[in-house]
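This report describes a single protein chain for a reader who has its sequence and structure at hand. Please keep both in view while reading.

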Amino acid sequence: MQTGMSVYDFIIEKQADFPHATGDLSALLTSIQHAAKVISWQINQAGLGNIIGATGIDNIQGEAQQKLDLFANDKFKQSLAACGEVCGMASEEDDDYVAFEPVNGKTAKYVVLIDPLDGSSNIDVGVSVGTLFSIYHRVSPIGTPVTKADFLQPGRHQVAAGYIIYGSSTMLVYSTGQGVNGFTLDPSIGCFCLSYPNISIPQQGHIYSVNEGNYFKFPAGVKQYLKFCQAIDETDNRPYTSRYIGSLVADFHRNMLKGGIFLYPSGTNAPNGKLRLLYEGNPLAFIVEQAGGKATNGYQRILDLSPMELHQRTPFYIGSAHMVDKLGQLLVAFDS
Ligand code: P6P
């Protein structure tokens, strides 16, 4: 494995370690890359075409659906349906999951959950946005219609997960359970190339990411943790630095590389937090654990939560293991 190698060569090299691999997952990941390239191009044209701004309709979350949200959702749907490896997809942008017809008679074994363009309201102000995705084996019998149970699986059952960040460059970061690798899109060849091999998040960081505008609605343990981050203690390199972009993938990606913790707590206005378990919490929790970090709802491992419905929300704390542990201790002490 060498930096700069294409994701295709990387997958072929990795597949040599799994002689029984069928290549189905690789084909699925290739379809995700294809959609990501098209969306990346569109985002970079956003200021030029008439594709920024709202559609005038709200998604199931009650959020103003941006034109690019719809474009991204359609692109991933088309690409995943056409690859023949996916029997169904659930998206932040759709009220319910959609089933895909077999391609060339092949019965697919994977389902995909996706937030096609998270943070899209940031696009027209030039802030990075992202795609988040989770891949599972279906649990209902192959060849039968996909069911909701195929999508309501705990995150620890993920086969693979990843995110794409559309920023100063377009990066694909994913894991199939053998560590985390980052690939940067080289537009000159239209290929994702290995740029961050074997990503590992520092066990301790000095960055905390939270919307402090909600401070007075936070649980007491979170308030105590923020006071801990802001206290002066030179022996522990405190105060930490506050960094909050307001785009989950961008905040998470920075903390992955530099160390840090991202917090989206429950609050009086959001008793279960804002972020969605299935297509935001679970993919990032899978990635961060593969990189040596942690993700909890303050008390339980995100990957152990049993989903009850597609768009359920969860309090979300993710990043460097020691920081997530410290926050958890304060929540137990002040909010149990
Ligand atoms: P707030 C963007 O709308 C998003 O879903 C995430 O990308 C981001 O982390 C969060 O919401 C920001 O929420 O309430 O701080 O604006």
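## Terms and basis of the model

A residue is called buried when its relative accessible area is under 20%, exposed when that value is over 50%, and partly exposed in between, using a 1.4 Å probe and protein chains only. By this rule Cys229 is buried, because its relative accessible area is 0%.

The structure is a predicted model, in which local features need pLDDT of at least 70, side-chain atom pairs count only at pLDDT 80 or more, and totals for chains, interfaces and linings use all residues. Residues are numbered from 1 along each chain as its sequence is written, and side-chain values use heavy atoms, with hydrogens and water left out.

## Two domains

The chain is divided into domain 1 (7-196) and domain 2 (207-335); such bounds come from an automatic or database domain assignment. The C-alpha centres of the two domains lie 24 Å apart. Their contact (heavy atoms within 4.5 Å) takes 50 residues from domain 1 and 32 residues from domain 2.

Domain 1 and domain 2 bury about 2900 Å² between them, and 63% of this area is on carbon and sulfur atoms. Buried area here is the accessible area (1.4 Å probe) that two parts lose on being put together, summed over both.

## Aromatic pairs and charges over rings

Rings of Phe, Tyr and Trp (its six-membered ring) pair if their centres lie within 6.5 Å; planes under 30 degrees apart count as stacked, over 60 as edge-to-face and the rest as tilted. The structure holds 9 aromatic pairs. How are the rings of Phe10 and Phe183 arranged? Their centres are 5.0 Å apart and their planes stand at 75°, so the pair is edge-to-face. The pair links distant parts of the chain, since Phe10 belongs to helix α1 (residues 7-15) and Phe183 to strand β9 (residues 181-186), 173 residues apart. Helices (H or I, at least four residues) and strands (E, at least two) are DSSP runs, numbered from the N terminus. Phe10 is buried because its relative accessible area is 5%, and Phe183 counts as buried at 0%. Together with Tyr174, Phe10 and Phe183 form one aromatic cluster.

A charge sits over a ring if NZ of Lys or CZ of Arg is within 6 Å of the ring centre and within 35 degrees of the ring normal. The charged end of Lys223 lies over the ring of Tyr215, 5.5 Å from its centre. The charged end of Lys326 lies over the ring of Phe228, 4.7 Å from its centre.

Helix α6 (residues 277-290) is mostly covered, with 12 of its 14 residues buried. Among them are Leu277, Tyr279, Glu280, Pro283 and Phe286. After α6 comes Gly292, whose phi is positive, near 95°.

In α7, the buried residues are Ala321, Met323, Val324, Leu327, Gly328, Leu330 and Leu331. An α-helix has 3.6 residues a turn, so residues three or four places apart point the same way. The buried residues of α7 pack against β11 (207-209), α4 (220-230), β13 (261-264), β14 (294-296) and β15 (316-319).

Cys229 lies in helix α4. Not counting residues up to four places away in sequence, Cys229 touches Tyr208, Arg238, Pro239 and Tyr240. Arg238 and Pro239 are joined by a cis peptide bond, with omega about 15°. Pro239 is found in the loop between α4 and β12 (241-242).

Val86 is placed in strand β3 (residues 86-91) and counts as buried at 2% relative accessibility. Leaving aside neighbours within four places in sequence, Val86 is in contact with residues including Leu28, Phe100 and Tyr110.

## Positive phi angles in two loops

Asn104 has a positive phi of about 50° although it is not a glycine. Asn104 is placed in the loop between β4 (98-99) and β5 (110-118). Is Asn104 buried or exposed? At 79% relative accessibility, Asn104 counts as exposed.

Asn198, also a residue other than glycine, has a positive phi near 45°. Asn198 is placed in the loop between β10 (191-196) and β11, and at 47% relative accessibility Asn198 counts as partly exposed.
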